Amino acid sequence: VSHFSGVRLKVVVCRHLGPAMPPLLERKDVDIVLWPEDRSCERAWLLENIKGAAGVLVLIPDFEVNQELLDAAGPNLRVVSTMSVGYEHIDVPLMAQNGIRVGYTPDVLTEAVADITIMLALMAGRNDGVAYTLVKNGEWCKPNFGWSPFTFCGPQLSTSLSSPTRTVGFLGFGRIAQATLSRLIPFGITHCIYTASPTSQPDTARDDALKAKHNLKGLDRVDIDRLARESDVLFLLTPGGKETYHLVDAAFLRKMKPMSVLVNTSRGSVVDSDALATALREKWIWGAGLDVVEGEPAITSDHPLVKESRCVMVPHIGSATFQTRLDMATCAIDNLIQGVFGGEMPAELKQ
Ligand code: DGY
């Protein structure tokens, strides 16, 4: 939409969005203020430039969208669009109180994140951190690192003769969790358990449909204690924020199986990093595959989890495919433009 009346609306975009930018830059009905550098935009710059803006497009690492930002923007602000599915960096109730619409980018990243979730489950289970580093360091040629019956072994993701049933667990069972589950079916998985937000109603119709579709023997919504105790591979796919802060702590990890693998492709804040490092070191669990860590991106080689050989960590790249990032950027721009002109946003957060 554009209801161009001759008055150009100001929008602030906190990062150049590559191939998604040209259609935005060509618009005649908005004045675009674009952070000029290829790194996170500085808050001081945003506070200065957001004055009088009708819309702002932010990225996850940029900053809190809070009262300070609203004060700096003034009364014209109508929409905050984030290029992410997660929105814990936005004070959503505050936006609602001020009549500011919030756009985000669900759906378009589901498949990419589900892909990397499986990748991390395989890497963490199969000792990839140790094995890959060893090859890179030129150590494969050393005695004892050739093929040998049990060297480098780890738990198998798929079912096997000696282990015909594997239970996958999900902390959070939304779109990405369900897309991950469908990728696990060819691995022979027939048992799935999950927890959902205590405030959400059980969705038996959906679960019955999923069970039938995937020919599952079990698909059960369970409490967090059972999730910890019974999962062979546990996937954390829950939103961040206060409700899920450190749900995976020492008490939770102590209940997990010694051969279990934990994968986090949601938010770092869900896991107590020190407790996870202890769990790995003391072998409460087998391994961890992490795309996100509390305190990221300030993670250095002396971080307790980086030092753990059974922890495979990648730097929050779950949605980082060319295709998905283009789709996310396009969705975020469309949300921004529809939002400032009062149109229907492709993905508006219902507040
Ligand atoms: C999101 O969009 O919230 C993801 O974390 C990006 O990968």
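His246 is partly exposed, because 14 other C-beta atoms lie within 10 Å of its own, a count between the 12 or fewer of an exposed residue and the 20 or more of a buried one. In this predicted model, His246 has a positive phi of about 50° although it is not a glycine. You will find His246 in the loop between β9 and α10.

A second residue with this kind of backbone angle is Asn144, which is not a glycine either and has a positive phi of about 80°. Asn144 belongs to the loop between α6 (128–136) and β6. Is Asn144 buried or exposed? Asn144 is exposed, because 7 other C-beta atoms lie within 10 Å of it.

Strand β6 (residues 167–171) runs parallel to β9 and is joined to it by four bridges; Val168 has Val233 of β9 as its bridge partner. Strand β10 (residues 261–264) pairs with β9 as well, again in the parallel sense and over four bridges. Here Leu236 stands opposite Asn264 of β10. To get from β9 to β10, the chain passes through helix α10 (residues 250–255), making a right-handed β-α-β crossover.

Now widen the view to the sheet around these strands. Its seven strands form an open sheet in the order β8-β7-β6-β9-β10-β11-β12, and the pairing is parallel. The edges belong to β8 and β12 (311–313), each of which pairs on one side only. From one strand to the next, the twist averages 15°.

Strand β7 (residues 191–195) and strand β8 (residues 218–221) are parallel and share four bridges, and Cys192 has Leu219 in β8 as its bridge partner. Between β7 and β8 the chain runs through helix α8 (residues 204–214), and this β-α-β crossover is right-handed too.

Why does Ile299 count as partly exposed? It has 18 C-beta neighbours inside 10 Å, and a buried residue would need 20 or more. Setting aside neighbours within four places in sequence, Ile299 is in contact with Val293 and Val306. By contrast, 38 Å separate the C-alpha atoms of Ile299 and Asp203, which are 96 residues apart along the chain.

There is another open sheet to explore. It has five strands, paired in parallel in the order β2-β1-β3-β4-β5. Strands β2 (30–34) and β5 (101–103) stand at the edges with a single partner strand each, so one side of each has no neighbour in the sheet. On average, neighbouring strands here are turned by 15° against each other, direction ignored. Inside this sheet, strand β3 (residues 55–58) and strand β4 (residues 79–82) pair in the parallel sense over four bridges, with Leu57 bridged to Ser81 in β4. Helix α12 (residues 322–340) packs on the sheet, where it touches β1 (9–13), β2, β3, β4 and β5, and its direction makes about 175° with that of β4.

Helix α3 (residues 67–73) holds Ala73. Ala73 is buried, because 26 other C-beta atoms lie within 10 Å of it. Beyond its neighbours within four places in sequence, Ala73 is in contact with Ile50, Lys51 and Ala53. Arg183, 110 residues away from Ala73 in sequence, is 44 Å away in space, C-alpha to C-alpha.

Finally, look for the ligand. Which residues surround the ligand? They are Ile60, Ser84, Val85, Gly86, Leu109, Gly318 and Ser319. This shell is made up of three nonpolar and four polar residues, with no charged ones.

Technical notes
Residues numbered from 1 in each chain as written. Predicted model: local features only at pLDDT ≥ 70, side-chain atom pairs only at ≥ 80, totals over all residues. Near = placed C-beta within 6 Å. Nonpolar A, V, L, I, M, F, W, Y, C, P; charged D, E, K, R; others polar. Pairing = 2+ DSSP bridges. Helix = DSSP H or I, 4+ residues; strand = E, 2+ residues; numbered from the N terminus. Right-handed = clockwise from strand over helix to strand, strands pointing away. Contact = placed C-beta atoms within 7 Å. Axes fitted to C-alpha atoms, helices over the stretch in contact; angles between N-to-C directions.
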